[in-house]
Amino acid sequence: MAYRIIETVKKYFWRPRRKRAKCYGKEVSNLISSTYDDLKNAREKVRDAILSMLHFPVGMEMFSAGDEEQWEIIQETIDSSDYYVLIVGQRYGSVIETGEDAGISYTEKEFRYAKEQKVPILAFILSDDADIKKSAVESDPKKIEKLNAFKENVRTGRVVEWWETTDGLARQVTAALHKQMVRKKRPGWVRGDSFDLELSHTEILKLNQQVRNLQEENAQLKAQIVERKPKLTAEFYLDEPEDTDAQDNLDEPDDKKSIEDEYRSHGGLLVELNEDSMQIRLAPTYAEQYRNRYEPLDEFCIEPHLKKYVPDGALQKYNEELPEKETVDAYIEKMERYLRIHKRGIAFRLEVMNDGTVKATDVRVCIEFPKEFKLFKISDLENIKEPAAPKLPANPIDKAEREYAKHLYPAAFFGDIAQAYAFSSPLGEIKGLNAILNPMMIQRDYIFSVDEHDLSVEFDQILHKTRCWLDGLYIVPTAKGKFKAKISMMCSEYPDWEERYLVIEVI
């Protein structure tokens with residue numbers, strides 16, 4: 001451990017707490033660190049030698065080991081020391097028992113901290129040939145191993161000196177300090193009678209005012225400089241049909257409007273839209289209602305007046321010929337996807353604007369949506385066909401109704417009109433989402449590409465104060481929740497991608 005001897009000299013000196021004058025031949029402080037009991041005489045010799053140089057020896061042995069508050073004081077003392085004098089003998093010293101430094105000695109802990117703070121270290125290691133008392137030699141094998149490792153650490157990266165006697169050690173420390181003060185200037189101490197504190201304070205205030213004036217002038221000059229660079233933004237806007245009244249009814253028959261206007265008529269699903277967020281309503285598709293036609297028949301389904309026209313076993317045969325549950329489930333799942341895309345997506349326009357002072361060249365905008373969203377171009381949606389319904393067997397109740405009608409109005413039936421009652425549905429299977437998409441479409445001076453969850457657009461250039469519109473982007477939410485879409489923008493004038501996020505809440 002170390003010690004402090006200051007009281008006899010400090011009344012002749014003044015030292016600011018953190019900021020100190022440069023040391024050009026002025027007094028400096030030197031922290032002496034070592035084990036205590038075995039090196040007490042050596043420390044006293046070094047202390048006296050430092051005092052003879054009119055410099056300050058500093059140490060800490062009056063502090064109890066293991067006291068965290070005392071360690072804070074040790075840290076502050078090392079921070080304010082100009083040089084760190086380390087004396088290593090043949091004892092390792094007391095070992096720290098707890099904490100992150102458990103297992104090392106207090107002397108080694110001080111050394112590590114001084115090394116971290118880049119305080120110049122002057123190391124003096126006792127020679128193996130020195131004549132010392134047996135009590136001053138380490139006997140614990142574990143501590144001997146730690147001591148050897150500590151010495152090796154001290155020797156690494158610096159020149160150390162070996163000493164044999166305390167008098168010789170004092171001379172070595174004095175010579176080494178003279179060399180270090182020439183090679184590595186340190187802040188040092190300032191005599192109170194050589195430092196005009198009041199004048200210095202006035203000068204500091206004057207300099208601070210000059211700094212503030214220069215900062216204000218610099219800010220004014222910067223404000224007058226127009227930075228010449230592009231500034232790209234990308235925002236979504238609702239893409240509405242020409243007849244805006246068409247969006248009031250989401251389920252209006254398709255034949256009453258054009259195909260593209262039909263997809264643009266779902267604007268009522270958009271609850272809120274601004275630069276950084278949007279809110280969308282997830283409307284139900286009612287796909288499960290298509291399952292009703294595949295329900296089995298029983299006696300309660302037959303009206304009393306039709307029972308005589310339904311042969312025995314007809315219902316059982318009908319039920320046995322119904323499609324398998326797995327087939328119906330797959331059909332309902334396809335209908336859910338088809339209706340979700342066909343009726344529950346929203347058409348958007350993407351605006352890319354350059355609000356900067358110069359044109360942007362080789363512009364790329366990429367937007368990554370979460371997997372809970374499907375992206376399309378409206379022009380590709382006509383390729384998505386309604387899935388074919390599983391075939392139903394002949395319904396015995398439908399046949400009974402026709403027989404009953406023939407019985408009531410025989411003259412009206414000249415042939416089998418069963419086909420008039422037959423159920424027909426559009427043909428064709430829904431295609432895979434990726435397969436139906438044309439991955440890239442070139443329009444005018446930009447390239448617009450849509451993947452399942454992402455989109456990208458490329459422009460040769462966008463002049464400053466100019467905006468470009470991309471119509472017909474169709475976004476389909478598939479789940480409720482709060483999500484983020486990543487918007488990335490790049491051009492030749494940018495050093496790197498600029499990124500921001502669009503918050504999308506589906507309710």
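Strands β12 (residues 360–368) and β16 (residues 454–462) run antiparallel and are joined by eight bridges; strands here are DSSP runs of E of at least two residues, helices are runs of H or I of at least four residues, and both are numbered from the N terminus. Two strands are taken to pair if DSSP finds at least two bridges between them. Within this pairing, I367 stands opposite L455 in β16. The model is a predicted one, in which local features need pLDDT of at least 70 and side-chain atom pairs count only at pLDDT 80 or more, while totals for chains, interfaces and linings use all residues. Residues are numbered from 1 along each chain as its sequence is written, and side-chain values use heavy atoms, with hydrogens and water left out.

Strand β16 also pairs with β15 (residues 446–450), in the antiparallel sense and over five bridges. In this second pairing I447 stands opposite E458 of β16. β15 and β16 form a hairpin with three residues between them, and H453 lies in that loop. Leaving aside neighbours within four places in sequence, H453 is in contact (heavy atoms within 4.5 Å) with I367, E368, F369, P370, K371, F373, K374 and L375. The C-alpha atoms of H453 and A485 are separated by 9.9 Å, the two residues being 32 residues apart along the chain.

Four strands form an open sheet with antiparallel pairing, in the order β8-β11-β17-β13. β8 (232–238) and β13 (373–377) are the edge strands; each has a single partner strand, so one side of each is left without a neighbour in the sheet. On average, neighbouring strands of this sheet are turned by 35° against each other, direction ignored. Axes are lines fitted to C-alpha atoms, for helices over the stretch in contact, and angles run from 0 to 180 degrees between N-to-C directions. Five bridges connect β13 to β17 (residues 466–477), in the antiparallel sense, and K377 stands opposite L473 in β17. Helix α9 lies across β13 and β17 and runs at about 150° to β17.

The count of aromatic pairs comes to 13, where rings of Phe, Tyr and Trp (its six-membered ring) pair if their centres lie within 6.5 Å, and planes under 30 degrees apart count as stacked, over 60 as edge-to-face and the rest as tilted. The ring centres of Y290 and Y331 are 6.5 Å apart and the planes lie at 85°, so this pair is edge-to-face. The pair links distant parts of the chain, 41 residues apart: Y290 is in the loop between β10 (277–280) and α8 (314–320), and Y331 is in helix α9 (residues 325–343).

Strand β10 runs parallel to β19 (residues 498–506), to which it is joined by four bridges; S277 stands opposite V503 in β19. β19 is also joined to β18 (residues 481–490), by nine bridges and in antiparallel fashion. Here F483 stands opposite I504 in β19.

A further open sheet consists of five strands with parallel pairing, in the order β3-β2-β4-β5-β6. Its edge strands, β3 (56–58) and β6 (161–163), each pair on one side only. The twist averages 25° from one strand to the next. β2 (residues 29–33) and β4 (residues 83–88) pair in the parallel sense over four bridges, and the bridge partner of I32 in β4 is V85. Helix α4 (residues 141–155) packs on this sheet and touches β4, β5 (121–126) and β6, its direction making about 145° with that of β4. Helix α5 (residues 166–183) packs on the sheet as well, touching β2, β4, β5 and β6, with its direction at about 160° to that of β5.

A cavity is a set of points, on a 1 Å grid over the protein atoms alone, where a 1.4 Å probe fits but cannot get out; its lining residues have an atom within 4 Å of a point. The count comes to one cavity of 30 Å³ or more. About 40 Å³ of space lies in the largest cavity, the volume being the space filled by probe spheres set on the grid points, which are joined across faces, edges and corners. The lining is made up of T35, I87, V88, G89, R91, Y92, T107, L147 and F150. β4 and α4 each supply at least two of the lining residues.

Conventions:
1 Å grid on protein atoms, 1.4 Å probe; cavity = no way out; pocket = protein on both sides within 12 Å on 5 of 7 lines; lining within 4 Å.
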